[in-house]
Amino acid sequence: MFEQGVIRPPSEASSLLVRVTRNCPWNRCHICPAYKGKKFSRRPVEAVKKDIDMMAEAYGPRSNAFTSAFLQDADTLILPADELVEIIHHIKTTFPNIERITTYARAKSMKKKRPQDYRRLREAGLTRIHTGMESGSARVLKLIQKGITPDDILAGGIRVAESGISLSEYIMPGVGGKGLSREHALETARILNQIRPDFIRVRTFAVHPLSPLQKMAEEGSLELMNDEEVVREIRLLLENLDEIPSHFRCGDFSLNLLMQVDGRLDTDKRTMIHEIDRYLALAQEEKQVYSLIQRSYPGMRSLEVVKDDGLVGQLAGKIKGLEAREADGFNKHIRRLMTFQLPQPQTDAWG
């Protein structure tokens, strides 16, 4: 049977999943549980091509329904361009209706690829690269043990952007905690303004219970942010992003409180900031009600839901009960709800 990895971007939900590497070559980030306890390995090209053939056989006539493919796992660009071109050609030959081929990549691998490599990959059919920037702050990147620097992010991002391959940069509001929030927003905006990616995908931070960041929070060296503070951080980020031709996406990730803040920076920036300001103008009780609804039943919903007096009254008692149960009880409950949406490690231990 053919192999498949454990995660892919939400935008690749209907894509053919082709596992080119196994797990992550870095795998030390404090924010990502997906590959913990698993070793990285590169799969031989012939094994990948055999998988593609097996997929075509398994899907049969349904193979024609695939119009996109995603190359797994965490850093496909670590492979030589020759190997990737051969794999992409085989995908397109075996699944002739596929028009879009995308992949994850780390900034260091993106930086190492030469312009001629990107030209060959683009001509072969690689259309988009997804990469986890998380932050433009050197201190935040060190805190989460990302294994890259702002210079790596900038160099790799610009190289992809200049190649003509679409680029999705993922950012993580809240991950620096209260102490680094302002720096995190401003430095992230500074780097993104220079890269000018096609997509800026917002991935609000939720700490996994097994992560070293959870221990830091319990010891007090990392002060976690609540929903309102994270929204204010996103507003600061948006204010400092230029009106570049990038899609600022909150709507494709359910851990984002305001999923409706979603649009193009060159046409919709003021509208997105206005929606944030509508949330910030709510009464404190209304903000808590909105968080409780959104974290309990994630989805893109209007702020008008908190104008239902009956609903607000119904949930107010629950909120008071959470606050009475323990110090900062409401926010701790919200954080617990958020962890349910995180991918789980494939092993029992984080390390």
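In this structure, which is a predicted model, helix α6 passes helix α7 in a right-handed crossing. The two helices, α6 spanning residues 150-163 and α7 spanning residues 181-195, pack at an angle of about 25 degrees, and their axes lie 9 Å apart. Since angles under 35 degrees count as roughly parallel, α6 and α7 are therefore roughly parallel to each other. On the side of α6 the contact is made by Pro-150, Ile-153, Leu-154, Gly-157, Ile-158 and Ala-161, while α7 contributes Ile-191, Gln-194 and Ile-195. Sorted by class, the residues of this contact between α6 and α7 comprise seven nonpolar and two polar ones, with no charged residue among them.

From this helix pair the reader may turn to the open spaces of the model, beginning with the pockets. The largest pocket has a volume of about 890 Å³, and its lining is made up of 37 residues, with Ile-7, Cys-32, Tyr-104, Glu-134 and Met-172 lying nearest its centre. Strand β6, which covers residues 126-134, gives the largest share of the lining of this pocket, namely four residues. In terms of class, 24 of the residues lining the largest pocket are nonpolar, seven are polar and six are charged.

The second largest pocket has a volume of about 360 Å³. Of the 18 residues that line this second pocket, Gln-214, Ala-217, Leu-224, Lys-332 and Arg-335 are the closest to its centre. Two elements, α8 (212-219) and α13, each give two or more residues to the lining of the second largest pocket, and the largest share, five residues, comes from α13. The lining of the second largest pocket divides into five nonpolar, four polar and nine charged residues, whereas the lining of the largest pocket has 24 nonpolar residues and six charged ones.

The model holds three cavities of 30 Å³ or more, and the largest cavity contains about 170 Å³ of space. This largest cavity is lined by 14 residues, of which Phe-205, Ala-206, Met-225, Arg-335 and Met-338 lie nearest its centre. The lining of the largest cavity consists of eight nonpolar, four polar and two charged residues.

The second largest cavity has a volume of about 90 Å³. Its lining is formed by 13 residues, and those that lie nearest the centre of the second largest cavity are Thr-204, Val-231, Ile-234, Leu-257 and Leu-258. By class, the second largest cavity is lined by nine nonpolar, two polar and two charged residues.

Terms used
Residues numbered from 1 in each chain as written. Predicted model: local features only at pLDDT ≥ 70, side-chain atom pairs only at ≥ 80, totals over all residues. Heavy atoms only, no water. Axes fitted to C-alpha atoms, helices over the stretch in contact; angles between N-to-C directions. Parallel < 35°, antiparallel > 145°, perpendicular 65-115°, else oblique. Left-handed = near helix turned anticlockwise from the far one by under 90°. Contact = heavy atoms within 4.5 Å. Nonpolar A, V, L, I, M, F, W, Y, C, P; charged D, E, K, R; others polar. 1 Å grid on protein atoms, 1.4 Å probe; cavity = no way out; pocket = protein on both sides within 12 Å on 5 of 7 lines; lining within 4 Å. Points joined across faces, edges and corners; volume = space filled by probe spheres on them.
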